[in-house]
Amino acid sequence: MLWAIPTLVGISLVVFLLTSLLPDPALEAGASTDGTTETATGAIADAPRLLRAEEARRLRFADLPNFINENPDDVRTRTQATLDAIAAGGPDGDLAELRLARIGGAALPTALPRLSSMTTEARRRVARALTPLAARMAVDPFALGVSPDDALKFWERFWQDHVMDFTPGASKRAVERLVRHGTELRAEELASLDTYALADLMDAIEATDRHDALLQLMKIVAKITNLAPPDEATTPQELEALRAQYTFFWYVHRTDYVPLEGLDRVVASVTETRYAKWTLGAFTGSLEMLEPTTKSGNSSPKVARRRAEGDLRHRLARRATVTLALIFLSLFGSHLVAIPLGVFAAARSGRRVDRLLSVVLFFIYSLPTFVIAAVFRGVSGGTVVAPVLALSLGAAATLSRYQRTALLEVLTTDYVRTARAKGASNLRALLVHALRNAVLPIIALAGVQVPQLLGGAFVVEEVWQIRGLGWETLRAIERRDVGWLVVVVCLTAVLATFALVGADLVQAALDPRARETFRRRGEA
Amino acid sequence: MSPAKPLTGPRGSFRRALSILARRRLARFGAAAIAVLLWLGTFADFFAADLPIIGVHHGETFFFANVTEPATLVVETEEEKRTSYEFALWPPVHHGPYVETDQRLKPPNREHPFGTDARGRDVFAQVVHGARTVLGLAFVCVALLVVLGTLAGALAGYFGGLLDLIVARLVETLTAFPAVVLVLAILALVARPSVAALVIALSLTRWTEVTRLVRAEVIRVSTQDYILAARALGASPLRILARHVFPNARAQAIVAGTFALSSTILVEASCDFLGFGLPSSAPTWGKVMAGLRDDGHAWWLFAFPGAVLFVTVISQNLLGEALRDALDPHRSVAAGHERDDDNAHRAAAENSSSSERESAIFQAAPRV
């Protein structure tokens with residue numbers, strides 16, 4: 001039973017290696033497409049393209065190490081890196097200025113105290129980089145002045161005045177006040193913190209269910225990041241979809257805005273890796289958001305609708321019910337047919353009926369499910385029974401072949417001969433004495449049949465267009481929905497493992513000898 | 001070979017296995033059917049092609065024009081085909097599997113013995129050329145998976161320990177995992193679907209059977225005295241594996257490989273039928289059969305490739321079962337001391353978590 005866990009980890013590892021270590025067309029496209037450049041001047045002209053490519057890599061967690069992140073980046077190291085690049089100058093410096101502006105307010109506690117140790121030229125460039133930030137914070141342009149030196153003076157003064165605001169407690173309180181009162185004044189208060197409050201804002205967005213508060217919070221977040229903002233006409237359903245996008249953004253970009261300290265840092269060395277991000281994302285359904293969802297990236301209405309339709313877990317439950325019903329009906333049906341058929345064949349073994357039956361069963365056994373399904377579909381059309389029959393037929397053929405063999409083996413044993421010698425009729429010896437033992441392996445086979453039937457269900461659902469797991473998975477392949485695929489693969493593995501374990505348990509319950517073996521193994 | 005001829009070769013050897021096989025009518029049928037299919041596939045261009053086998057065109061003679069000459073000589077209509085050559089030796093069907101004509105969805109007729117599909121391609125040509133694709137693909141996959149499976153099984157069985165544990169778990173999980181789901185998932189998860197990805201995916205589905213059988217055999221053999229003797233003589237593990245252990249497991253690998261062949265073909269056909277199979281223009285049986293999903297009345301799209309597929313799978317299963325019985329010394333006419341051997345086998349298998357139940361269950365190709 002415990003093997004299910006390492007098996008699952010193993011499978012997730014394999015799937016992860018498949019998806020991430022092979023070349024990804026989207027990444028290459030992001031690196032090579034020459035997007036229309038909005039910024040026209042010199043070295044910066046290339047920057048939007050580079051930033052877009054970088055964003056594409058980050059959406060797939062390609063910027064992170066695969067399994068262990070010895071030195072996870074946080075807002076401090078990222079800010080420090082941009083400052084160093086700005087000080088070094090050149091085209092990298094230009095890019096770093098854009099990056100610094102994107103980090104925004106969260107960079108200030110690291111960047112501003114460090115200004116004094118930098119060269120004049122570098123300080124001017126930092127001041128220039130912070131201009132868009134000032135605009136977001138609604139700083140009076142008059143206070144900022146015209147020359148970089150004026151701006152520098154402003155930022156020094158700003159830091160002296162506001163150093164107390166840039167503390168975790170202060171930003172948390174500010175967000176709480178906003179959620180409670182929701183006045184413009186509170187919104188302005190938060191705007192002056194810029195991205196420094198983003199962590200608390202995101203927490204609030206996840207926790208809040210009030211439409212108006214959510215709307216206001218998201219507007220603030222949209223202003224300081226480049227996520228698509230909601231508008232007044234947004235319905236609660238659309239807002240829910242938008243919230244999922246925001247959550248995913250935060251899932252990817254959290255360390256851009258939050259310092260990692262102490263225990264957080266230790267945890268981050270495991271979680272801030274490609275594998276961890278990817279696995280967690282797959283299981284929480286966040287990987288569905290693989291397409292970029294920022295303003296520049298498009299989020300088509302179709303995609304938004306699909307997201308609004310219901311999250312992964314919801315869809316999974318709905319589809320799995322259909323498929324599991326199909327599987328268990330077939331399992332039941334095939335046993336119901338196969339056991340009597342196998343007994344009949346064994347009782348008549350060697351005669352013409354048995355030989356004929358063997359040939360027919362061998363033929364059915366060799367027919368692939370999709371052929372059976374297509375033929376049934378053509379003959380019967382869209383009745384409810386046909387899919388179950390199509391699925392059961394192959395399984396029934398397999399099972400009755402085994403039933404016949406198992407019963408024949410038991411019939412040669414001494415105890416059956418003894419029963420016959422003591423005067424039991426042929427029928428009684430067969431049904432009462434032999435079958436009791438011969439039916440055990442067949443019931444154990446049910447465990448193996450379940451995953452096999454699941455494979456068959458994929459085909460049957462597609463042929464009859466039944467909206468189960470298989471049908472949905474084929475649609476997921478068409479739209480390359482990695483999240484769904486990963487979950488289905490893992491679910492199948494769980495089903496396969498548990499079916500095997502379950503068959504063992506059933507056998508142990510029915511067969512005293514197997515029970516004995518289990519006990520001995522347990523002691524060993 | 002007459003049935004009365006005595007069996008040749010020592011028990012369990014290939015010569016003996018072959019002579020046992022030759023006695024079984026069904027095995028003979030299976031082998032013959034596979035031979036015919038291989039022959040059809042290899043020489044597909046002699047049965048259905050757009051260009052004549054030998055043709056004289058404007059005084060110039062072409063041999064095997066459809067293989068040697070690119071599309072320059074292809075003409076559209078049947079009329080042109082007759083008139084544009086001074087002399088031509090045509091294959092029985094004058095259509096290749098790729099060229100689309102305006103004869104769409106025609107039921108079987110004189111010109112197209114198996115009818116045409118929705119894009120006006122000849123179904124007979126696709127079936128014959130498909131045999132090449134399907135069998136070629138299956139043989140490549142099986143070669144790959146037999147090598148992979150044998151290696152994994154031999155190493156796990158011989159060295160035991162953690163490696164064995166991991167391999168055994170992997171085999172157990174993958175055996176129970178539905179093959180179609182696995183192939184579809186792999187094809188969907190790789191960035192670009194390619195033939196190589198399909199080959200790898202198909203190989204990954206069925207190597208477990210080879211590994212399981214080889215591993216059990218290796219475990220059985222490893223405890224025997226002559227291995228101990230070889231080790232005492234200072235033979236390296238690699239040499240022991242290659243010279244003393246592996247020859248015992250060869251029969252198992254061959255049986256599992258034969259079953260894997262039909263299973264691979266079925267999985268590939270199923271994926272093709274679902275529309276996610278071979279990502280190339282090459283014709284396969286599954287792709288033709290998938291045409292039925294759009295045009296439900298066109299039975300000929302399904303019946304002919306389906307029949308060929310069925311015959312292929314049946315004959316491979318027949319051959320596989322016959323081979324299994326013939327190559328297994330425990331199954332064929334068991335003598336007294338062979339029984340002991342059998343018990344040792346069982347004990348070894350019991351020790352190594354692959355229980356008797358499993359070996360009873362998976363002795364045939366899993367259904368797809």
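Modeller: Start with contact: two residues are in contact if their C-beta atoms, placed from the backbone, lie within 7 Å. This is a predicted model, where local features need pLDDT of at least 70, side-chain atom pairs count only at pLDDT 80 or more, and totals for chains, interfaces and linings use all residues. Residues are numbered from 1 along each chain as its sequence is written, and chains are lettered from A and ligands numbered from 1 in the order in which they are written.

Biologist: Which residues does Leu137(B) touch, not counting those up to four places away in sequence?

Modeller: Val199(B) and Glu268(B).

Biologist: Is Leu137(B) buried or exposed?

Modeller: A residue is buried if 20 or more other C-beta atoms lie within 10 Å of its own, exposed if 12 or fewer, and partly exposed in between. Leu137(B) counts as buried because it has 21 C-beta neighbours inside 10 Å.

Biologist: In which helix does Leu137(B) lie?

Modeller: Helices are DSSP runs of H or I, at least four residues, numbered from the N terminus. Leu137(B) sits in α5 of chain B, residues 123–159.

Biologist: How many residues does each chain bring to the contact between chains A and B?

Modeller: Chain B brings 37 residues and chain A brings 42. On the side of chain B, α7(B) gives the most, with eight residues.

Biologist: How do the residues on that side of chain B divide into nonpolar, polar and charged?

Modeller: Ala, Val, Leu, Ile, Met, Phe, Trp, Tyr, Cys and Pro count as nonpolar, Asp, Glu, Lys and Arg as charged, and the others, Gly among them, as polar. The side of chain B that touches chain A has 27 nonpolar, five polar and five charged residues.

Notes
Helix = DSSP H or I, 4+ residues; strand = E, 2+ residues; numbered from the N terminus.
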